[in-house]
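Me: Could you help me learn to read a protein model?
Reply: Gladly! Let's look at it together.

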Amino acid sequence: MKTRTRFAPSLTGYLHLGHVLHMGWVWGEARARGGEVVCRMEDHDLSRSRPEYEPAILADMEWLGFVPDLGISAGHAPHPSPYRQSDCGAFYGEALDFLAEKGLVYGCECSRKQIQARQAWAGGELRYDGACAKKNLPLVGNTVRFRLPPGAVEFRDLEMGDRIQSPESQCGDFSLRDRDGQWTYQFCCVCDDIRHGINLVVRGADILASTGRQIRLFQALEHAPPDYLHHALLTDSKGRKLSKRQRSESIAALREAGIPAGELLAKIP
Ligand SMILES: [Zn+2]
């Protein structure tokens, strides 16, 4: 089977040097395997996403020479598109119905504050205690949670080796849709990887903790999980992850300052 991976930027900011490193991994792994790259826009979070980032990101990608084989690109960005999450609510709804028919989701009326009050923070993540698992609450108007099966998830990361994760103790039954009807990252990501035929997920090590729970979703949706490769992140001189929150310079700003693409690519280890 031909390798198909993806580049999936969120529309919450401009590309920065961390993205250049990441794109180098994605395109590098695809090319090394004779595979292809899908570009999709992760704008499931309607409160934080801004559509104007999309053309800016696409222009930066094209300038840097990272051209996707499928999905959205600078020359092809139709509205609507199956490669833009904000256009795909109906599809996520169908996937949720599938899980609901199997009894694998439930409505939860707890606020974040209530969950916090009941639980200690575990490893930096808030764990949901399943308080509503047997209440049979309606899905609409409540948080929709995935009923995690018990037990650990084992997988082999192509870069980081054998891993064992326990989503049950990390986060508990996690949310697929919030009470306002907004889809979550975990759910959109898995639904999209399935329908886009992704068989290799290449992403930063900051997402590693999500992998076990995403594998659980693949299994619940009756689909084989892809292979995973989590790569180290670009850090600043103090060892912190580069991100727009730290105001690391955007690619767009560097480009406007007249820095050649080749010079930026050369900065990446
Ligand atoms: Zn609850």
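Me: What should I know before I start?
Reply: This is a predicted model, where local features need pLDDT of at least 70, side-chain atom pairs count only at pLDDT 80 or more, and totals for chains, interfaces and linings use all residues. Residues are numbered from 1 along each chain as its sequence is written.

Me: In what order do the three strands form the open sheet?
Reply: Helices (H or I, at least four residues) and strands (E, at least two) are DSSP runs, numbered from the N terminus. Two strands pair if DSSP finds at least two bridges between them. Here the order is β1-β2-β3, with parallel pairing. The edges are β1 (4-7) and β3 (70-71), each pairing on one side only. Strand β2 (residues 36-39) is joined to β3 by two bridges, and Val38 has Leu70 as its bridge partner in β3.

Me: Which strands does helix α1 touch?
Reply: Contact here means that C-beta atoms, placed from the backbone, lie within 7 Å. Helix α1 (residues 17-32) packs on the sheet and touches β1 and β2.

Me: How do I describe two packed helices?
Reply: Two packed helices are described by the angle between their axes and the distance between the axes. Axes are lines fitted to C-alpha atoms, for helices over the stretch in contact, and angles run from 0 to 180 degrees between N-to-C directions. Angles under 35 degrees count as roughly parallel, over 145 as roughly antiparallel, 65 to 115 as roughly perpendicular and the rest as oblique. The axes of α3 (residues 89-101) and α6 (residues 185-195) come within 10 Å and cross at roughly 95°, so α3 and α6 are roughly perpendicular. Phe91, Tyr92 and Ala95 of α3 make this contact with Phe187, Cys188, Cys191 and Arg195 of α6.

Me: At what angle do α6 and α7 cross?
Reply: The axes of α6 and α7 (residues 211-220) also come within 10 Å, crossing at roughly 55°, which makes α6 oblique to α7. In this pair, Gln186, Phe187, Cys189 and Val190 of α6 meet Arg213, Gln214, Leu217 and Phe218 of α7.

Me: Is Gly197 buried, exposed or in between, and why?
Reply: A residue is buried if 20 or more other C-beta atoms, placed from the backbone, lie within 10 Å of its own, exposed if 12 or fewer, and partly exposed in between. Gly197 is partly exposed because it has 14 such atoms within 10 Å. Gly197 sits in the loop between α6 and β9 (200-204). The C-alpha atoms of Gly197 and Thr3 are 9.3 Å apart, although 194 residues separate the two along the chain.

Methods. Two residues are in contact if their C-beta atoms, placed from the backbone, lie within 7 Å.
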